[in-house]
Amino acid sequence: MGALGRSGITLLVALAIASLQSSLLASPALAQAPAAGNAEPLRVVVAVLPFRIHSAEPLGHLERSLADLLESRLEASGRVTVVESVLVRETVLGYAAGELTEDALRQLAIELDADYVVAGSLAELAARYSLDVRVTPVAGGSSRSLAFTASGEDELLDRMNELADRILEILSGVSPRATVAEVRLLGAADLVPDPRARLQQQTGAAYQPALVSADLAMLKGLAGVATASVETERQGGAVIVSYRVVPAESILSATEVVADDDRVAGVEVQGNRRIDANAIRARIATRSGDRYEPARVAEDVRQVYALGFFRNVILRSIDSEDGRILVFDVEENPLVRQVSISGNDSIDGDKIRDILTLTTGATLDYPLLYENRVRIESLYKAEGYYLADVSYEIEPLQGDAVAVDFHVLEGKKLRLQTIEFVGNEHYSDEELQQGMKTKPWKFFSYVTRFLDKSGTFSEPVFQQDLQGVVKRYQNDGFIQVEVDEPDVLPDEDGLRVRVAIDEGDRYRVGSVD
């Protein structure tokens with residue numbers, strides 16, 4: 001549990017509920033609420049369920065105390081009416097924890113006469129916390145998922161404050177994108193012409209990640225620029241956008257010719273926030289006092305990249321009286337703060353989340369991001385949605401963090417129309433399909449589809465069916481039979497599956513010794 005223990009964190013939560021009442025309206029999200037008497041508050045009715053707690057320690061006391069803290073923050077905004085906690089507890093008793101699907105949460109909202117239901121869970125391991133919350137509307141739209149991590153009790157309370165702000169943004173329909181308070185361009189003083197006039201994201205306009213990405217691509221493409229990066233910083237209800245340009249002349253070349261007396265006067269690490277500088281220096285072989293060797297320094301850059309925590313590593317050289325000072329300027333991968341799923345009308349969000357390996361609290365890993373996109377597409381294919389297309393959007397959040405949204409265009413569910421075998425001479429297609437769990441759609445499938453899933457093609461199930469085909473051939477003497485991977489051909493009329501077979505020679509028993 002950490003230094004505070006069970007009673008300590010309970011006291012922290014209780015104190016937070018009391019002390020935050022007077023300071024809640026200073027929050028950026030809450031500051032947008034209309035003052036009393038000036039305008040009619042939004043008055044959305046929200047039911048906050050007791051939090052589910054997963055921990056090796058007995059932390060059941062947090063189920064209600066965390067919900068109480070969240071309710072206090074929501075009510076203090078003046079825009080939310082919270083359903084009485086006693087009524088919520090009585091109503092939720094009729095639902096098992098595993099039954100709180102999106103449909104069940106909507107039914108709860110109806111029973112509680114609420115516009116939204118907030119359901120959350122807290123996982124604790126070695127004083128590290130993972131907070132996951134779903135905000136479900138009673139009608140229309142999908143649930144919104146929010147996730148936060150904390151390394152201690154104090155930080156957990158900070159995350160609860162952030163959670164309340166994000167929920168208020170969802171309830172009020174206010175976009176988390178704020179106004180840009182300032183646009184900074186660093187390191188571009190010597191560039192001619194000045195690229196500031198070409199920046200699309202302007203001070204005073206709404207913050208738009210797409211424009212920032214376009215600006216970054218423009219800066220990287222400028223002559224005399226080795227690379228560029230961007231950082232965003234929340235300040236009150238606004239955003240400060242800082243572009244940083246690295247001139248090409250400041251980047252060291254691994255093939256440059258250096259004098260014998262060219263020495264390294266120092267090695268510095270800059271740009272790191274979460275990763276300890278000593279951990280980075282441990283990968284750098286070049287030391288102060290060493291002779292400067294470009295090839296060795298280039299390998300140092302590769303070793304720093306190999307740590308896997310950085311999306312960019314820039315090496316700069318600064319001349320000093322004692323020699324070169326090498327500066328390893330790193331740009332850390334952002335943290336994944338939130339993972340959401342949208343567009344999934346036919347497959348429940350919880351079912352999709354169960355197959356994801358991209359977790360909140362980890363650094364953004366683009367290969368893993370691609371893998372999870374493929375995982376969602378594979379799940380849809382297993383349900384017959386072979387036209388489903390999954391994309392993802394990465395949205396910068398406060399600090400060095402991002403939200404990842406997987407957006408699904410489900411398309412039409414396709415029925416399996418035919419299974420065709422190519423190269424089979426000993427058995428007909430109909431004989432090979434005998435005993436298969438995978439069955440094409442027929443006119444009578446309207447009656448049998450609930451029993452045998454007629455017309456549904458699931459690749460894992462079909463692979464088992466093909467193992468039965470191999471076994472059938474081998475039991476009949478074709479011990480070298482080869483069955484290829486299925487070729488799935490989708491079109492608007494449905495799915496056609498084609499499987500190539502090389503039967504090989506048929507063997508008979510000659511003698512048994």
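**Loops, cores and ring pairs in a predicted model**

Q: Does Asp-113 count as buried or exposed?
A: In this predicted model, the relative accessibility of Asp-113 is 65%. Buried means under 20% relative accessible area, exposed over 50% and partly exposed in between (1.4 Å probe, protein chains only). Asp-113 therefore counts as exposed.

Q: Where does Asp-113 lie?
A: Residues are numbered from 1 along each chain as its sequence is written; local features need pLDDT of at least 70, side-chain atom pairs count only at pLDDT 80 or more, and totals for chains, interfaces and linings use all residues. Side-chain values use heavy atoms, with hydrogens and water left out. Helices (H or I, at least four residues) and strands (E, at least two) are DSSP runs, numbered from the N terminus. On that basis, Asp-113 is in the loop between α4 (102-111) and β4.

Q: What is the phi of Asp-113?
A: Most residues other than glycine have a negative phi. Asp-113 is not a glycine, yet its phi is positive, at about 55°.

Q: Which residues have the most contacts inside the largest nonpolar core?
A: A nonpolar core is a set of buried Ala, Val, Leu, Ile, Met, Phe, Trp, Tyr and Cys residues joined through side-chain atoms within 4.5 Å. The largest has 31 residues. Those with the most contacts inside this core are Val-46, Phe-51, Leu-70, Leu-74, Val-135, Leu-163 and Ile-167.

Q: Which element gives the most to this core?
A: Elements giving two or more residues to the core include α2 (62-76), β4 (116-125), β5 (128-137) and α5 (153-172). With nine residues, the one that gives the most is α5.

Q: Which residues is Ile-167 in contact with, leaving aside neighbours within four places in sequence?
A: Contact means heavy atoms within 4.5 Å. With those neighbours set aside, Ile-167 is in contact with Leu-70, Leu-74, Val-118, Val-135 and Leu-146.

Q: How many aromatic pairs are there?
A: Rings of Phe, Tyr and Trp (its six-membered ring) pair if their centres lie within 6.5 Å; planes under 30 degrees apart count as stacked, over 60 as edge-to-face and the rest as tilted. By this rule, the number of aromatic pairs is six.

Q: What kind of pair do Tyr-380 and Tyr-385 form?
A: Their ring centres are 5.7 Å apart. The planes of Tyr-380 and Tyr-385 are at 80°, so the pair is edge-to-face.

Q: Which strands hold Tyr-392 and Phe-406?
A: The ring centres of Tyr-392 and Phe-406 are 6.4 Å apart, with planes at 70°, so this pair is edge-to-face. It links distant parts of the chain, the two residues being 14 residues apart. Tyr-392 is partly exposed at 32% relative accessible area, whereas Phe-406 is buried at 0%. Tyr-392 and Phe-406 sit, respectively, in β14 (residues 389-397) and β15 (residues 401-409).

Q: Which residue lies over the face of Trp-441?
A: A charge sits over a ring if NZ of Lys or CZ of Arg is within 6 Å of the ring centre and within 35 degrees of the ring normal. At 3.8 Å from the ring centre, the residue over Trp-441 is Arg-415.
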